[in-house]
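Subject: Structure handover

Hello,

Here is the structure for your files. Please open it alongside this message.

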Amino acid sequence: MERLVIISNRVAEIGEKTQIGGLAVGIADALSRGEGLWVGWNGAVSGPGEDPATSRKQHEAITTLTFSLTEEEHENYYLGFSNRVLWPSFHYRLDLIEFSEAFAKAYSSVNKRFARTAFPELKSDDLVWVHDYHLIPVAQELRKLGSRHRIGFFLHIPFPSAEIFSAVPRHEWLRECLFQFDLIGFQTNRDLENFRLYLAEHADVEFISDNLIKAAGRIIRLGAFPIGIDVEQFAAMANKVDDAVELERMRRDILGRIQMISADRLDYSKGLPERTRAFLEFLNAYPEYRGFAEYLQIASPTREDVLAYTEIRTELEQLSGAVNGKFAEFNWSPVQYINRSIPRDKLACLFHASRIGLITPLRDGMNLVAKEYIAAQPADDPGVLILSKFAGAAEQLEEALIVNPYDAGEVAGAIRRAVTMPLEERQNRQRKLLDRIKTTDAHWWQTTFLEALGHAPYVSTQSTQS
Ligand code: GDG
């Protein structure tokens, strides 16, 4: 079997399996199928004059090769082009783009650095798998260094409509960079279709079949590979009794209360204020639930150096405060807002104990929390997933209550429906949802992608040397 080389912006700590998040589970699983190498940023920013030296670590058959970014690289490549240009635009927020020439330059040069770090390590038959929007130019940089490897790219976030993508500064360059991969993978069929429509309108491409194109003298395979989770691992965490969580659940049972839960990074794409407004609408429209419905909102801090993120946090804090101020009683608070990351096993137990999972992003590549909520449900008395139609997961999880997150009244109605849903209907929906997340789990995701990459017809007729 060929060795797998993963290149991603961040490299996770491997070892503590229960604590690593969704994406890292999929990658660690892929790497552990044989020998594996994982290359990327270690998360540290080196000060002026400090040596951002590469460090190598070994965890059984997996080697990690990590380096720090300089302050300037962190500012312009990571916070700049990646998170002030690509992230907002791919999530349909062109209004939040802050573009500068320095961002594009740093994005290009840091990608070069990723490629230069990885290239000397590559053996001739390695499979190379590059992850996400931070690293679109990596294949082109590897090709310039002489790489003839099969290189795959997986986009974890949505690929927007042609109209939106064509507004991204340097989209022509990004497109040409993408053509240096052998396989381009998306989360959903919708993303794949958006990419094809963009190409049809803006690029010189020959469409060979649904999954093959010819561009820049190369044959490139395209596909949709919805990312999954390790269902058993998550369910095992959820089924472990956590005394504090269990005590709270019993207290709610005695008082006839129900809990709704959401857990996201505090990102504007996740629709947190809209969701809080929908909950407010629910309490306004259905007053009989005042004193009984509780909404636990776990919003972990993220990218706090970007203005849009501090603004969304302020907005959310004002809103949660306003809902509590309006409706709370001395012995009941409608919103519990936590602006910290909590341990993964605790999160699983909280999902298990919550009657409703309220997952309503405005745009999301997939959304693993939706799948984790399902994995965590007790089979005999499962909760109900309310899911935004703009989460990639909605393409698969049809038995969830699918809602438009911009329509507070519709979400409030779905909450009401979830609260009153008969046990049999909940069980039926849960059975089907569970089935689906099991058949397309983390293992399925990585094997399907790597099989497609292994079979990608590597044809290069042009030299990219420059
Ligand atoms: C990107 C795409 C795509 C959340 N709060 C806490 C916590 N989490 C964990 C969740 C889940 C992960 O973080 C979040 O994954 P998502 O998929 O929901 O979202 P993004 O971070 O935006 O990920 C997304 C994903 O890539 C994979 O391709 O699905 O669409 O945007 O695992 O459980 N974990 C802990 N404490 C928290 O407070 N420990």
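Below is what was found, from the whole chain down to single residues.

This is a predicted model, in which local features need pLDDT of at least 70 and side-chain atom pairs count only at pLDDT 80 or more, while totals for chains, interfaces and linings use all residues. Residues are numbered from 1 along each chain as its sequence is written.

Whole chain

The protein chain has 16 helices and 16 strands; helices (H or I, at least four residues) and strands (E, at least two) are DSSP runs, numbered from the N terminus. Its radius of gyration is 23 Å, close to the 23 Å that the globule rule gives for 466 residues, so the chain is as compact as a globular protein of that length. That radius is taken over C-alpha atoms, and the rule is 2.2 Å times the number of residues to the power 0.38. The C-alpha trace spans about 70 × 50 × 45 Å along the principal axes.

Of the 466 residues in the protein chain, 47% are buried. Buried here means that 20 or more other C-beta atoms lie within 10 Å of the residue's own; exposed means 12 or fewer, partly exposed is in between, and C-beta atoms are placed from the backbone. Among contacts with a separation of 6 or more, 78% join residues 24 or more positions apart. Two residues are in contact if their C-beta atoms, placed from the backbone, lie within 7 Å.

Helix packing

Two packed helices are described by the angle between their axes and the distance between the axes. Axes are lines fitted to C-alpha atoms, for helices over the stretch in contact, and angles run from 0 to 180 degrees between N-to-C directions. Angles under 35 degrees count as roughly parallel, over 145 as roughly antiparallel, 65 to 115 as roughly perpendicular and the rest as oblique.

Helix H10 (residues 272-285) packs against two helices described here, H14 and H11.

With H14 (residues 408-420), the angle is about 65° and the axes are 8 Å apart. H10 and H14 are therefore roughly perpendicular to each other, and their crossing is right-handed. A crossing is right-handed if the near helix is turned clockwise from the far one by less than a right angle, and left-handed if anticlockwise. H10 contributes Arg277, Ala278, Glu281, Phe282 and Ala285 to the contact, and H14 contributes Ala408, Gly409, Val411, Ala412, Ile415 and Arg416. By class, that is seven nonpolar, one polar and three charged residues. Ala, Val, Leu, Ile, Met, Phe, Trp, Tyr, Cys and Pro count as nonpolar, Asp, Glu, Lys and Arg as charged, and the others, Gly among them, as polar.

With H11 (residues 307-327), H10 packs at about 15°, the axes being 9 Å apart. H10 is therefore roughly parallel to H11, and the crossing of these two is left-handed. On the H10 side the contact involves Leu272, Pro273, Thr276, Arg277, Phe279, Leu280 and Leu283; on the H11 side, Glu315, Leu316, Leu319, Ser320, Val323 and Phe327. Nine of the residues in the H10 and H11 contact are nonpolar, two polar and two charged.

The axes of H2 (residues 71-90) and H3 (residues 101-118) come within 8 Å and cross at roughly 110°, so H2 and H3 are roughly perpendicular to each other. Residues of H2 in this contact include Tyr77, Phe81 and Val85, and those of H3 include Phe103, Tyr107 and Val110. The contact of H2 with H3 has nine nonpolar, three polar and three charged residues.

Single residues

Leucine 358 is in strand E14 (residues 356-359) and counts as buried, with 29 C-beta neighbours inside 10 Å. Beyond its neighbours within four places in sequence, leucine 358 contacts Met260, Ile261, Ser262, Arg275 and Ile386.

Alanine 293, in strand E12, is buried with 23 C-beta neighbours inside 10 Å. With neighbours within four places in sequence set aside, alanine 293 is in contact with Ile258, Met260 and Pro334.

Most residues other than glycine have a negative phi. Arginine 303 has a positive phi near 40°; this residue is in the loop between E12 (293-300) and H11 and is partly exposed, with 17 C-beta neighbours inside 10 Å. Asparagine 367 has a positive phi of about 95°. Asparagine 367 lies in the loop between E14 and helix H13 (368-376) and is buried, with 27 other C-beta atoms within 10 Å.

Regards
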